[in-house]
Amino acid sequence: MSLTLRTVPDPVLRAVCKPVDSFGPALRALADGMLAAMYDAYGRGLAAPQVGVMKRIFVMDATWKDGARSPQVFINPVVTWADPVSEAGEEGCLSIPDAPCMVTRPVAVRLAWQDLDGDTQEGAFDGFSARCVQHERDHLDGILCTDYTT
C-alpha cells in the first residue's frame, strides 16, 4: 500500500478521527503502509490523518535512527496518566516539513490502546518516546505541534 503524506494546510490534518472498529487484513495493510511511509520520510511517528485516513491509529518507532527497528502500532490510543512534570523540547512533524517547533509536554505518560488484533494494551512512556506518542495522538484530534507554540 503506497500512501502519500499530507502537509499543512491540508484540512484533513485538522479533523478529528473516528475510532477503529474493524480489525483484520485491511487494518494490517494500513499499518504496514504507514510504517513504510514513515521510514521513507525518515520520521519516527506517523498518524493516519497524515496520510488522509481518518481513523484513530498511529505508528511509531522512536529509536530506529539509533539502532535496530522496533515498530509499534497504536489503535484507539488514550492517555490514562500524564506526569505533572513537563519539559520543553523541539518537535518536527512530517506534515509540517522543515519547521520544527518547541513544545512543552509531560515528561512521561501512560497509554492504553488496542493492537492489530483488537486486544487492549497498556504501557508507560518517558523521554523521547513520551513526546512522540503525545505528538502522534494529538494528530488524531486534529491538533498540530504548532498549536502549542506561543
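This is a predicted model: local features need pLDDT of at least 70, side-chain atom pairs count only at pLDDT 80 or more; totals for chains, interfaces and linings use all residues.
Biologist: Which residues have the most contacts inside the largest nonpolar core?
Modeller: A nonpolar core is a set of buried Ala, Val, Leu, Ile, Met, Phe, Trp, Tyr and Cys residues joined through side-chain atoms within 4.5 Å, where buried means under 20% relative accessible area, exposed over 50% and partly exposed in between, with a 1.4 Å probe and protein chains only. In soluble globular proteins, nonpolar side chains tend to be buried together. Here the largest such core has 20 residues, and those with the most contacts inside it are Met34, Ile57 and Val73.

Biologist: Which element gives the most to this core?
Modeller: Helices (H or I, at least four residues) and strands (E, at least two) are DSSP runs, numbered from the N terminus. With eight residues, the one that gives the most is α1.

Biologist: With which residues is Val73 in contact, leaving aside its neighbours within four places in sequence?
Modeller: Contact means heavy atoms within 4.5 Å. By that criterion, and with those neighbours left aside, the partners of Val73 are Ala31, Leu35, Ile57, Phe58, Val59, Trp113, Gln114 and Leu116.

Biologist: How many residues does the other core have?
Modeller: This core lies apart from the largest one, and among its residues are Ala47, Phe58, Ala62 and Cys132. Its size is 14 residues.

Biologist: How much space lies in the largest pocket?
Modeller: On a 1 Å grid over the protein atoms alone, a pocket is an open set of points where a 1.4 Å probe fits, with protein on both sides within 12 Å along at least five of seven lines, and lining residues have an atom within 4 Å of a point. Grid points are joined across faces, edges and corners, and the volume is the space filled by probe spheres set on the points. For the largest pocket this comes to about 350 Å³.

Biologist: Which lining residues are the closest to the centre of that pocket?
Modeller: The elements that give two or more residues to the lining are β4 (86-93), β5 (96-106) and α2 (127-139). Of the 22 residues that line the largest pocket, the closest to its centre are Gly43, Arg44, Gly92, Cys93 and Leu94.

Biologist: How far apart are the closest N and O atoms of Glu91 and Arg105?
Modeller: A salt bridge is a side-chain nitrogen of Lys or Arg within 4 Å of a carboxyl oxygen of Asp or Glu, and by this rule the count comes to nine. Glu91 lies in strand β4 and Arg105 in strand β5, so the pair ties together parts that are 14 residues apart in sequence. Glu91 is buried at 4% relative accessibility, as is Arg105 at 3%. Their closest N and O atoms are apart by 2.6 Å.

Biologist: Which residues are linked in a network of salt bridges?
Modeller: The pair of Glu91 and Arg105 belongs to this network. Its linked members are Glu91, Arg105, Arg131 and Asp138.

Biologist: What is the value of omega for the peptide bond from Val8 to Pro9?
Modeller: Most residues other than glycine have a negative phi, and most peptide bonds are trans. Pro9 lies in the segment before α1. The bond from Val8 to Pro9 is cis, with omega near 15°.

Biologist: What is the phi of Asp98?
Modeller: Asp98 lies in strand β5 and is exposed, with a relative accessible area of 82%. Although Asp98 is not a glycine, its phi is positive, at about 55°.

Definitions and conventions: Residues are numbered from 1 along each chain as its sequence is written. Side-chain values use heavy atoms; hydrogens and water are left out.
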